[in-house]
2 protein chains.
Amino acid sequence: MARVIVFNSVSLDGYFTDMNADMSFAHNAYPDAGWDAFVSSNARGGGVLLFGRITYELMTKFWPTPAALESMPVVAERMNNLPKVVFSKTMDKASWNNTKLIKNNMEDEIQRMKKEAGEDMVILGSGSIVSQLTRRGLIDEYQIVSIPVILGKGRTMFEGITEKIPLKLIKTQAFENGNVLLCYEPRV
Amino acid sequence: MARVIVFNSVSLDGYFTDMNADMSFAHNAYPDAGWDAFVSSNARGGGVLLFGRITYELMTKFWPTPAALESMPVVAERMNNLPKVVFSKTMDKASWNNTKLIKNNMEDEIQRMKKEAGEDMVILGSGSIVSQLTRRGLIDEYQIVSIPVILGKGRTMFEGITEKIPLKLIKTQAFENGNVLLCYEPRV
């Protein structure tokens, strides 16, 4: 079975975007070679990227641009070339390279991909998808980077969850720039 | 100068209480001698405890009871005997042992105590006080225990903050039960 992994950065108050869907708070400005190595190594992993419409459109505006290729060549190359799936009832086509648009039955599709795909699936951003799949117990791992900043307001990726969901901590890694990677599995 | 320290547990989605002001999600049910030792050692520290009304009233209902003394003797003894300050415009008296009630000018009082007191001040719970003092730059350290649970809804201790506040990570400690202590100072 392929696994579904969430990889998101959150502020100390638990938001993965600010109120304007902006994720730039997560770009930790303090130089840290260890963090840079982690990001590059993470990007070298394979897998299928899963997105909701909002995050997909945000990423499409950045990663294919010359600015992205220049400032983050390794990550940009991977983001542009990896297979991607965007879930959206309203989009008509998805123009970013190597993207499949799925308009309906997200949960069934995910179940099917878990059974079929050899490669893990990674959700970036896409709070409403994280929330929906969390409620259905379809997430296998949460890789959360805690960013050393307070936002005060923002969006949570766990909106609409009405029951406590206990997790099992499986890994932590602290970086010089103050980012802390926290990895969890659902506790079954 | 005495320091003002926040010590709070938060869910993975950043809440320090659920929607009913209940903090019991933080009582990690997975046995961990290392965590128990940390809690007891933390309780043996000195200091002055600072509260808002809601947290104060919640704690008054628990710590002086025989149930608390039986289940958590070390922590209960310290909670009951340490000097406490409760900030509230509406309370008329504070009956828990060794409590001073301050009705007005919280920020001035905190400034005065920072200058006068030999001992550090520790805020437990009390989200509105954490938020207010954070906005005024009066918190010296945030000791946050990340609890391995998703709540979906709850209260944040950073409500009303409208500008990004960058922090400096100064310590992390992961426990077997999945709790992770994250300590931050304001980044000035």
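Q: How many bridges join S3(A) to strand S4 (residues 99–102) of chain A, and in which direction do the two run?

A: In this predicted model, 4 bridges join S3(A) to S4(A), and the two strands run parallel. Strands are DSSP runs of E with at least two residues, helices are runs of H or I with at least four, and both are numbered from the N terminus; two strands pair if DSSP finds at least two bridges between them. Within this pairing, A:Val85 has A:Lys100 of S4(A) as its bridge partner. S3(A) is also joined to strand S2 (residues 48–52) of chain A by 4 bridges, again in parallel, and there A:Leu49 stands opposite A:Lys84.

Q: Which way do the residues of strand S3 (residues 84–87) of chain A point?

A: In a regular strand the side chains alternate between the two faces of the sheet. Here A:Lys84 and A:Val86 point one way, A:Val85 and A:Phe87 the other way, and all are buried. Buried means under 20% relative accessible area, exposed over 50%, and partly exposed in between, with a 1.4 Å probe and protein chains only.

Q: Is A:Asn8 buried or exposed?

A: A:Asn8, which lies in strand S1 (residues 4–10) of chain A, counts as buried because its relative accessibility is 4%.

Q: What does A:Asn8 touch?

A: Leaving aside residues up to four places away in sequence, A:Asn8 touches several residues, including A:Phe16, A:Leu124, A:Val130 and A:Met157; contact means heavy atoms within 4.5 Å. A polar atom of the A:Asn8 side chain lies 2.6 Å from the backbone nitrogen of A:Gly125. The C-alpha atoms of A:Asn8 and A:Ser126 are separated by 9.1 Å, although these residues are 118 residues apart along the chain.

Q: How are chain A and chain B related?

A: Two copies of a chain are related by a rotation about an axis and a shift along it. Chain B is superposed on chain A by a rotation of 180 degrees with 0.0 Å of shift along the axis (RMSD 0.0 Å), fitted by least squares on the C-alpha atoms of residues with pLDDT of at least 70 in both. The two copies are therefore related as by a two-fold rotation axis. In chain B, the C-alpha of B:Gly14 is nearest the axis, 2.2 Å from it.

Q: How many residues are in contact between the two chains?

A: 34 residues of chain B are in contact with 34 residues of chain A. The count of salt bridges between them is 0, a salt bridge being a side-chain nitrogen of Lys or Arg within 4 Å of a carboxyl oxygen of Asp or Glu. On the side of chain B that touches chain A, S8(B) gives the largest share, 6 residues.

Q: What conventions apply?

A: Residues are numbered from 1 along each chain as its sequence is written, and chains are lettered from A and ligands numbered from 1 in the order in which they are written. Local features need pLDDT of at least 70, side-chain atom pairs count only at pLDDT 80 or more, totals for chains, interfaces and linings use all residues, and side-chain values use heavy atoms, with hydrogens and water left out.

Notes:
Polar contact = N/O pair within 3.5 Å; in protein donor to acceptor, adjacent residues only side chain to side chain.
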